[in-house]
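Let's take a walk through this structure together. Have the sequence and the 3D view ready.

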Amino acid sequence: MFWNFFSKKSRDKGKEDKERDDVVAFARTIERLIDETSLELFKIYKKTLLAEPNVYIVPAIWGAVKDGELTEIQKQIHSGVSPVIKKILDLLEQERMSPAQQFAVGYLVRGLFISKVIYMIEFYKNLSGNRLEIEEQKHDGKERNLKDIEPMGHA
């Protein structure tokens with residue numbers, strides 16, 4: 001009896017591990033789609049995305065703007081991201097959800113795309129800014145290192 005208890009627990013644990021691994025693999029599949037698409041969008045439209053304010057990406061992902069029309073670049077971004085969003089929503093089997101749940105999931109997926117792209121924009125700006133600052137320091141004739149930093153205030 002004691003042995004049967006543990007062997008059943010062991011089998012259940014194996015089943016739980018398999019289910020958890022499937023869920024993680026499923027989530028990673030969706031994550032990979034979002035990451036790869038966001039990176040590809042950033043590579044293609046980097047010049048425009050860096051020149052425009054960060055909110056430029058929001059209507060591009062949603063495919064609509066409150067007042068006016070999308071720019072040609074925003075339309076292109078939307079046409080590139082839209083099939084991927086549809087694929088992700090299909091993977092999430094939305095036909096079992098109510099319309100409100102479908103909208104909520106779509107809203108979250110689009111929000112994740114927007115966040116990823118804005119993160120890439122800001123990361124690139126900061127990376128470029130740091131490189132520019134390093135170049136300026138070299139031209140000043142003053143190379144600033146951590147050892148040159150003077151403490152401020154009292155602990």
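**How confident is the model?**

The chain as a whole has a mean pLDDT of 80, with 69% of its residues at 70 or more.

This is a predicted model, where local features need pLDDT of at least 70 and side-chain atom pairs count only at pLDDT 80 or more, while totals for chains, interfaces and linings use all residues. Residues are numbered from 1 along each chain as its sequence is written, and side-chain values use heavy atoms, with hydrogens and water left out.

So what is the chain built from? It has 4 helices and 0 strands, and from the N terminus on the elements run α-α-α-α. Helices (H or I, at least four residues) and strands (E, at least two) are DSSP runs, numbered from the N terminus. Among contacts with a separation of 6 or more, 61% join residues 24 or more positions apart.

Of the 155 residues, 21% count as buried; that means under 20% relative accessible area, with exposed being over 50% and partly exposed in between (1.4 Å probe, protein chains only).

Buried or exposed: which is T37? This residue of helix α1 is buried, because its relative accessible area is 13%. Leaving aside neighbours within four places in sequence, T37 touches V81, V84 and F113. A polar atom of the T37 side chain also lies 2.7 Å from the backbone oxygen of L33.

Now hop to G80, in helix α3 (residues 72-91). G80 has 34% relative accessibility, so it counts as partly exposed. The C-alpha atoms of G80 and E40 are 9.4 Å apart, although 40 residues separate them along the chain.

Finally, look at F103 in helix α4 (residues 99-140). F103 counts as exposed because its relative accessibility is 53%. Together with Y107 and L108, F103 makes a nonpolar surface patch of about 370 Å².

Key:
Patches are made of residues with over 30% relative accessible area and no salt bridge: like charges are joined within 9 Å, nonpolar side chains (Val, Leu, Ile, Met, Phe, Trp, Tyr) within 5 Å. Accessible areas come from the Shrake-Rupley method with a 1.4 Å probe; for residues, only the protein chains shown count as cover. A salt bridge is a side-chain nitrogen of Lys or Arg within 4 Å of a carboxyl oxygen of Asp or Glu. pLDDT is the predictor's confidence in each residue, from 0 to 100. Contact means heavy atoms within 4.5 Å. A polar contact is a pair of N or O atoms within 3.5 Å; within protein, one must be able to donate a hydrogen and the other to accept it, and residues adjacent in sequence count only if both atoms are side-chain atoms.
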